[in-house]
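Hi,

Here is the structure I promised to pass on. My notes follow below it.

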Amino acid sequence: MLVLGIESSCDETAAALVEDGRTVLSSVIASQLELHQKYGGVVPEIAARRHAELIGYVVREALDKAGKSITDIDAVAVTARQGLVGCLMVGVAAAKTIAYARQLPLIGVHHVEGHVFANLLAHPGITFPHVCLTVSGGHNMLLYVSRRCHYEVMGTTLDDAAGEAFDKVAKFLGMGFPGGPVIDRLARQGNPRAFQLPRPMLKDGSYDFSFSGLKTAVVNMFRERINRGESLPLADIAASFQEAVVDVLVGKTVRAAEETGVRVIGVTGGVSANSRLREAFLEAAERKGLKVFFPPLSLCTDNAAMIAAAGYARMEAGERGDLSLYVLSSALLGRRYESEGGKRCPAAPG
Ligand code: KG4
Ligand code: ZN
């Protein structure tokens, strides 16, 4: 079955053709990075307008690159939940148009579920149940994945997602946007113990995240020096900040695996491209006898191949969808995971 995936939840206009949820025939991503760079972040209205300009060309290119025509498609999967509403609407409108014209099934996919499938697409051997950390600019979730398309939310961000904190710290230090890749590169030359920064909520027993205070700690530590026009030890700041984020992400995820008794961890989303995060996860996994999987770099950040793969899995589970599909800026991916006294127990209905 050939699925056309469409993704437009933030600042990437993407389309992909994926065969049987496994083989990526094409994956086209039109990045809007330069449009937003001068604002130091994504401007929703500009992003939505750009998606509207590009979506037709991007779908056309995905078909051409795969050597397919629109009549070869068996289903359309589109990101419909979690993202910038105006941006989501462009992708969903395009998907509905194609589905209506060709009378095809139309599957709405949660963006974060797409990220989970980026890993499943790259590593079809990942076993269930497993714990999956999705960590991006717009979201940060710790999921208990009992089987394909079945999630319990162990934790989520209470304020900024980790990627957002990378972006805001980089903006404050004048390093440009997006901040993650810049900090990742610079941190390699820095000392991660140069500055003592907090590890928010690491030891509080919950699986939720909060990175806004960490960003503020960096700002408070260096604002005066910036105001005085002094130069800053940027590599040391980058390394210290990155190490704090990595400690929290790895610490909570490994504890989640231990509590649920799973031996497999997935890490996905834009921040999963981070080289120190990968290294720290691999070290922890080795120590604890766990297996950890990351998508290849091409599938870490937003793309439509992961949406097509998730859509295919949802169809296999019996979902068909229809033209009543609507968009939601934020939506739960599953019910909240519940534990009692450190032991896994059934989640409450929700
Ligand atoms: O998944 P994604 O493309 O979009 C969202 O769903 O948000 O993730 C983008 C985020 C940005 O915040 C970016 O700074 C971060 O991923 N990112 C990184 C790295 N590459 C991208 N963060 C840390 N290290 C990286 N190498
Ligand atoms: Zn994303």
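Ligand 1 sits in the largest pocket. "Sits in" means that more than half of its atoms lie within 2 Å of the pocket's grid points. A pocket is an open set of points on a 1 Å grid over the protein atoms alone, with protein on both sides within 12 Å along at least five of seven lines.

Before the details, some ground rules. This is a predicted model: local features need pLDDT of at least 70, side-chain atom pairs count only at pLDDT 80 or more, and totals for chains, interfaces and linings use all residues. Residues are numbered from 1 along each chain as its sequence is written, chains are lettered from A and ligands numbered from 1 in the order in which they are written, and side-chain values use heavy atoms, with hydrogens and water left out.

**The shell**

There are 19 residues around ligand 1 (a heavy atom within 4 Å). Ser-136, Gly-137, Gly-138, Asp-167 and Asp-184 come nearest. By class, the shell has 4 nonpolar, 12 polar and 3 charged residues. Gly counts as polar here; Asp, Glu, Lys and Arg count as charged.

Domain 1 (2-115 + 300-332) and domain 2 (124-294) each supply at least three shell residues. The bounds come from an automatic or database domain assignment. Helices α4 (111-122), α5 (162-172) and α6 (179-187) each give at least two. α6 gives the most, with 4 residues. Helices are DSSP runs of H or I, at least four residues; strands are runs of E, at least two.

**Polar contacts**

These are N or O pairs within 3.5 Å.

- The side chain of Asp-184 has an N or O atom 2.9 Å from a nitrogen of ligand 1.
- A backbone N or O atom of Gly-138 is 2.9 Å from a ligand 1 oxygen.
- The His-115 side chain places an N or O atom 3.3 Å from an oxygen of ligand 1.

Taken alone, ligand 1 exposes 550 Å², and the protein buries 90% of that (Shrake-Rupley, 1.4 Å probe).

**Backbone**

Most peptide bonds are trans, and most residues other than glycine have a negative phi. Phe-128 to Pro-129 is cis, with omega near -5°. Pro-129 is in the loop between α4 and β6 (130-135). Phe-177 to Pro-178 is also cis, omega near -5°. Pro-178 lies in the loop between α5 and α6. Asp-20, not a glycine, has a positive phi of about 50°. Asp-20 is in the loop between β2 (12-19) and β3 (23-31).

Best wishes

Key:
A polar contact is a pair of N or O atoms within 3.5 Å; within protein, one must be able to donate a hydrogen and the other to accept it, and residues adjacent in sequence count only if both atoms are side-chain atoms. On a 1 Å grid over the protein atoms alone, a cavity is a set of points where a 1.4 Å probe fits but cannot get out, and a pocket is an open set with protein on both sides within 12 Å along at least five of seven lines; lining residues have an atom within 4 Å of a point.
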